[in-house]
Amino acid sequence: MATDAPPPPQKGSPDDRLALPSTEEFIEVQQSEEFGELRHAHRSFAFPLTIAFIAWYLVYVLLSNYAGDFMGTKVFGNINVALILGLAQFLTTFLIAWWYSRYSAAKLDPKAEAIKSRMEGGA
């Protein structure tokens, strides 16, 4: 069973341990232009896609409730519009997750890693 307990205190001199950044250093980084660019890059991707996906989902729900004849239209065999749009919900979920992981790896992770390494004293 995994727990979220912090690791036990490290033995050795204080110089041997990794020094954690102070509250002031965190605030300074949070107010930096570099962090602002990272936050903007994340928000400019995540917010529009989230809004678009929620709108797409609500359209599907509203069509299911109020456009029963349209949703019941058979496309081929026993496959109707409702089934196709319902499966498209799953497809778009996976596509957005895939797209975000690529975007994150290309645009967000390098910026976040630079900030992290500077905060940990590596730069």
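1. Serine 104 is placed in helix α4 of this predicted model. Its relative accessibility is 11%, and serine 104 therefore counts as buried, the limit being under 20%. Setting aside residues up to four places away in sequence, serine 104 touches Asp109 and Pro110.

2. The overall layout of the chain may be stated briefly. The protein chain holds 4 helices and 2 strands, and from the N terminus on its elements follow the order α-α-α-β-β-α. The chain has 123 residues, of which 15% count as buried. Among the contacts with a separation of 6 or more, 62% come from residues 24 or more positions apart.

3. How do helices α2 and α4 lie relative to each other, roughly parallel or roughly antiparallel? The axes of α2 and α4 come within 10 Å and cross at roughly 175°. That crossing angle makes α2 roughly antiparallel to α4. The residues of the contact between α2 and α4 comprise 21 nonpolar, 6 polar and 4 charged.

4. The largest nonpolar core has 9 residues: Val29, Leu38, Ala41, Phe45, Leu49, Tyr103, Leu108, Ile115 and Met119. Two or more residues of this core are given by each of the elements α2 (33-66) and α4 (81-119). Apart from this core lies another one, of 5 residues, including Tyr60, Met71, Val81 and Leu85.

5. Phenylalanine 35 lies in helix α2 and, with a relative accessible area of 25%, is partly exposed. Leaving aside neighbours within four places in sequence, phenylalanine 35 is in contact with Val29, Gln30 and Ile115. The C-alpha atoms of phenylalanine 35 and lysine 111 are separated by 8.2 Å, although the two residues are 76 residues apart along the chain.

6. The aromatic residues deserve a separate point. A search of the whole structure finds 3 aromatic pairs. In one of them, the rings of phenylalanine 45 and tryptophan 99 have centres 5.1 Å apart and planes at 80°, so this pair is edge-to-face. Phenylalanine 45 belongs to helix α2 and tryptophan 99 to helix α4, so the pair ties together parts that are 54 residues apart in sequence.

7. Which kind of aromatic pair do phenylalanine 45 and tyrosine 100 form? Their pair is tilted, with 5.6 Å centre to centre and 45° between the planes. It links distant parts of the chain, since phenylalanine 45 lies in helix α2 and tyrosine 100 in helix α4, 55 residues apart. Tyrosine 100 is partly exposed, with a relative accessible area of 29%. Ring pairs join Phe45, Trp99, Tyr100 and Tyr103 into a cluster.

8. Glutamine 89 is another residue of helix α4. Is glutamine 89 buried or exposed? With a relative accessible area of 8%, glutamine 89 is buried. The residues that glutamine 89 touches, not counting those up to four places away in sequence, are Phe53, Trp56, Tyr57 and Tyr60.

9. Methionine 71 brings the discussion to the other core, in which Met71 is named together with Tyr60, Val81 and Leu85. Methionine 71 is located in helix α3 (residues 68-71) and is buried, with a relative accessible area of 4%. Leaving aside neighbours within four places in sequence, methionine 71 is in contact with Tyr60, Leu63, Ser64, Asn80, Val81, Ala82 and Leu85.

Note on methods
Residues numbered from 1 in each chain as written. Predicted model: local features only at pLDDT ≥ 70, side-chain atom pairs only at ≥ 80, totals over all residues. Heavy atoms only, no water. Core = buried A, V, L, I, M, F, W, Y, C linked by side-chain atoms within 4.5 Å. Buried < 20%, exposed > 50% of the residue type's maximum accessible area, 1.4 Å probe, protein only. Phe/Tyr/Trp six-rings, centres within 6.5 Å; stacked < 30°, edge-to-face > 60°. Contact = heavy atoms within 4.5 Å. Axes fitted to C-alpha atoms, helices over the stretch in contact; angles between N-to-C directions. Parallel < 35°, antiparallel > 145°, perpendicular 65-115°, else oblique. Nonpolar A, V, L, I, M, F, W, Y, C, P; charged D, E, K, R; others polar.
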